[in-house]
Amino acid sequence: MSTVLTVDGGRPLTGSIQVRGAKNFVSKAMVASLLGDTPSRLRNVPAIRDVSVVTGLLQLHGVDVSVGDEDGELLLDPANVEQAHVADIDAHAGASRIPVLFCGPLLHRLGEAHIPDLGGCRIGDRPINYHLDVLRQFGAVVEKRTQGIWISAPRPLRGTRLELPYPSVGATEQVLLTAVRAQGVTELRNAAIEPEIADLIAVLQKMGAVISVGTDRVIRIEGVDRLTGYTHRALPDRIEAASWACAALATGGDVHVVGAQQQPMLTFLNVFRKVGGAFDIDDDGIRFFHPGGRLNSIALETDVHPGFMTDWQQPLVVALTQASGLSIVHETVYENRFGFVEALQRMGATIQVYRECLGSAPCRFGSQDFRHSAVISGPTPLRGADIVVPDLRGGFSHLIAALAAEGTSRVHGIDIIDRGYEHFSAKLTALGADFSYEEAPVLTG
Ligand code: EPU
């Protein structure tokens, strides 16, 4: 059985909701606590399934995780870090991509680590070759076994000069979490510089690390012998904020996203304005609204920071079905992130997906057989349909489409959304959505 959300759409979302710490930062800051020899305190932690998964993994490795006095506060005590049983780690396989980031800290603390088969959204192959190459360059030994991948550090890890083939977020975090306690200096070229990475660097600096971020994606880390715990308030989730902004635009609504910050969303805000959306920024957050009139089509390409995030692409595409004219979206981060448009087409959207690069940004997928460019022709009224949630962001986008569509939609597999959107049904209620839940047999997309 799977949980089905039945939505009666066609009404504007209006009201105020709050976003808390960024899913793609909080999980990494939790892993960083393994590197300290005193407890850490992380604030503004959202109640999402990814946090539960990382909590479970840390507990398996002997970290004491408890809830603090403040709402959304986690206390992480790594005093008794120990090797977890492989079978227990594997029980988390399929749940998250975070286990790969345990490697550096566990190699420093215990000399070995095990990576199960990784989960996360199916939006491309999502290999971990950069991670394994990076670990090897620090001196780790990587062995592929039937149960997964074993990594060991026969000798203390040593700082090194590295250059990533692509500014991968995860591989940059792998380098940071490993280099801070490696012997000597590490220089990383072609690093990712997302705001979530800047916040992880801030956490590591609080712990005692020495990290400088230069121009042109170069990060330099001087290894230290000892790190302590940290106290830190997580930066807000700019993906969730943008998702609600797109929901406001697609439904002709008005949503105040408390906690949203302008700075990490500059690129999104520019696009939102060009499409015809309006926003007001205040000390508490950002109010996103449809100012009336028609929306404009746009040509855009997803990219690493400071470009337009791939995770903003899917919710925006739903809003673009309501814009006048032809919009073009070239996805350059993941090769397979347009699977979700098939459901939108069934709901009445006119979207065509192409193998060619419809844009000029450097792209690794141009000469391959990946449908990674989309042309959206609008405006097209959407009508309710039965939809199966494919992945986290695609699923939220389906939800936006259901909210914007006339008639009733049944969104199957809605549980996936709990991975990254805190209390989303309470937020839908607060914004005046008309919906109910039921259990139904699993429907495949
Ligand atoms: N890549 C490789 N080899 C590697 C690592 C990455 O080829 O070893 C490729 C990927 O296949 C992809 C590209 O490099 O084509 C970028 O991947 P990246 O490593 O930057 O992504 P990630 O660290 O796995 C994080 C977020 C994603 C977000 C991306 C890009 C987390 C847990 N996930 O993934 O978030 O889309 O960065 O910003 O932080 C989401 O929240 O829904 C989500 C998918």
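Residues are numbered from 1 along each chain as its sequence is written, and side-chain values use heavy atoms, with hydrogens and water left out. Because the model is predicted, local features need a pLDDT of at least 70 and side-chain atom pairs count only at pLDDT 80 or more, whereas totals for chains, interfaces and linings use all residues.

The domain assignment of the chain gives domain 1 (2–19 + 236–440) and domain 2 (23–233), with bounds that come from an automatic or database domain assignment. The C-alpha centres of domain 1 and domain 2 lie 30 Å apart. Across the boundary, 25 residues of domain 1 are in contact with 23 residues of domain 2, where contact means heavy atoms within 4.5 Å. The area buried between domain 1 and domain 2 is about 2,100 Å², and carbon and sulfur atoms give 49% of it; buried area is the accessible area (1.4 Å probe) that two parts lose on being put together, summed over both. On the side of domain 1, the residues that lose the most area to domain 2 are V304, H305 and R419, which together make up 32% of what that side buries.

The ligand is surrounded by 23 residues, the closest being N129, S168, V169, V333 and R393; a residue is counted here if one of its heavy atoms lies within 4 Å of the ligand. This shell draws at least three residues from each of domain 1 and domain 2. By class, the shell holds 9 nonpolar, 6 polar and 8 charged residues, where Ala, Val, Leu, Ile, Met, Phe, Trp, Tyr, Cys and Pro count as nonpolar, Asp, Glu, Lys and Arg as charged, and the others, Gly among them, as polar.

For K23 the distance is 3.0 Å, for N24 it is 3.1 Å, and for R393 it is 2.8 Å. The protein covers 92% of the 820 Å² of accessible area that the ligand has on its own, by the Shrake-Rupley method with a 1.4 Å probe. Among the elements that give two or more residues to the shell are helix 1 (23–32), helix 5 (129–137) and helix 12 (392–404); helices (H or I, at least four residues) and strands (E, at least two) are DSSP runs, numbered from the N terminus.

Finally, the backbone deserves a look. Most residues other than glycine have a negative phi, and most peptide bonds are trans. A cis peptide bond, with omega about 10°, joins H305 and P306, and P306 is found in the loop between strand 18 (299–301) and helix 10. The bond from G378 to P379 is cis, with omega near 0°. N190 has a positive phi, near 60°, and lies in the loop between strand 10 (185–189) and helix 7 (195–207).

Notes: Polar contact = N/O pair within 3.5 Å; in protein donor to acceptor, adjacent residues only side chain to side chain.
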